[in-house]
Amino acid sequence: MSDHGEERLFFGRRKGRPLRAGMQRRVDEDLVPRLVPVETAPANATDPRDWFPQPPRAVWLEIGFGGGEHLAWQAQHNPDIALIGCEPFVNGVASLLRHLDDVEGDRVRIHPDDARDVLDVLAPQSLERIFVLHADPWPKRRHHYRRIIQHETVARFYELLKPGGILRMATDDPGYLVWILARITAHPDFRWTGTSMADFTERRDDWPETRYEAKAKREGRMPAYLEFRKPAQTCQG
Ligand SMILES: C[S@@+](CC[C@H](N)C(=O)[O-])C[C@H]1O[C@@H](n2cnc3c(N)ncnc32)[C@H](O)[C@@H]1O
């Protein structure tokens with residue numbers, strides 16, 4: 001059940017190998033103070049800056065952070081930013097908590113569940129960046145409805161970004177790439193930030209490799225990198 005009452009289906013895995021004792025202790029002790037308070041946050045009206053003891057300059061969101069390497073890297077390299085990470089896979093949450101030992105300050109909040117719970121509570125224009133890196137491609141046609149990138153989520157990302165805000169996505173699945181491009185280009189206002197073909201095939205310097213991306217490359221699948229901007233001048237939410 002989501003915090004707003006309706007049944008919401010989640011299609012990924014939440015548990016993998018049992019956590020080693022040290023990782024389990026980390027989850028038990030370190031996760032609770034970092035939890036996103038989705039249960040009590042007002043729908044469509046929550047300023048995520050209020051979730052941090054020192055209000056950050058801006059808040060970034062990563063959906064499906066996997067092992068958390070990218071999220072922790074962004075937190076380390078952007079000390080004026082706070083990040084929210086969503087990942088229902090408990091082994092990934094434990095991995096992120098370990099990486100956060102290297103991050104200064106209390107600047108990361110975690111939702112160990114479906115990212116859409118967080119999308120629901122945030123206020124319009126409350127995020128500066130959204131990352132959806134190598135989201136599950138659900139390649140079978142009958143599973144396409146499970147993909148996180150849908151027309152509705154793209155519209156919600158747009159609403160949640162500040163003017164000038166950035167949406168970054170990546171995938172190594174050609175079918176999912178076409179699906180993502182169809183949905184993002186159907187949105188009337190998102191603008192591609194690239195200028196050349198290299199912007200699809202090369203990561204920018206401030207975009208570290210993720211664990212899933214490294215695996216895809218080892219297995220011969222080359223990723224596409226996608227970056228879109230909400231125009232800086234906009235009258236819309
Ligand atoms: C293929 S993995 C990629 C992980 C990581 N981004 C990387 O590149 O290494 C996709 C991740 O998205 C997570 N995920 C799937 N659906 C999600 C959802 N609705 N909300 C948050 N995370 C989700 C999965 O648990 C999984 O860890």
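Contact here means heavy atoms within 4.5 Å. The model is predicted: local features need pLDDT of at least 70, side-chain atom pairs count only at pLDDT 80 or more, and totals for chains, interfaces and linings use all residues. Residues are numbered from 1 along each chain as its sequence is written, and side-chain values use heavy atoms, with hydrogens and water left out.

**Annotated binding site**

An unreviewed UniProt entry assigns the annotation "binding site" to Glu 62, Glu 87, Asp 114 and Asp 136. These residues span 75 residues in sequence, yet no two of their C-alpha atoms are more than 14.1 Å apart, so they gather at one spot. UniProt positions follow the numbering used here, feature names are shortened, and annotations may be inferred rather than shown by experiment.

Helices (H or I, at least four residues) and strands (E, at least two) are DSSP runs, numbered from the N terminus.

| Residue | Location |
|---|---|
| Asp 114 | loop between β3 (108–111) and α4 (115–121) |
| Asp 136 | loop between β4 (127–133) and α5 (151–160) |
| Gly 164 | strand β5 (residues 161–171) |

**Surroundings**

Buried denotes under 20% relative accessible area, exposed over 50%, and partly exposed in between (1.4 Å probe, protein chains only). Asp 114 is buried, at a relative accessible area of 5%. Not counting residues up to four places away in sequence, Asp 114 touches Arg 8, Leu 9 and Phe 10. With neighbours within four places in sequence left aside, Asp 136 is in contact with Arg 147 and Tyr 176.

Gly 164 is partly exposed, with 21% relative accessibility. Residues up to four places away in sequence not counted, Gly 164 touches Arg 229, Lys 230, Pro 231 and Ala 232. The C-alpha atoms of Gly 164 and Arg 57 are separated by 14 Å, the two residues being 107 residues apart along the chain.
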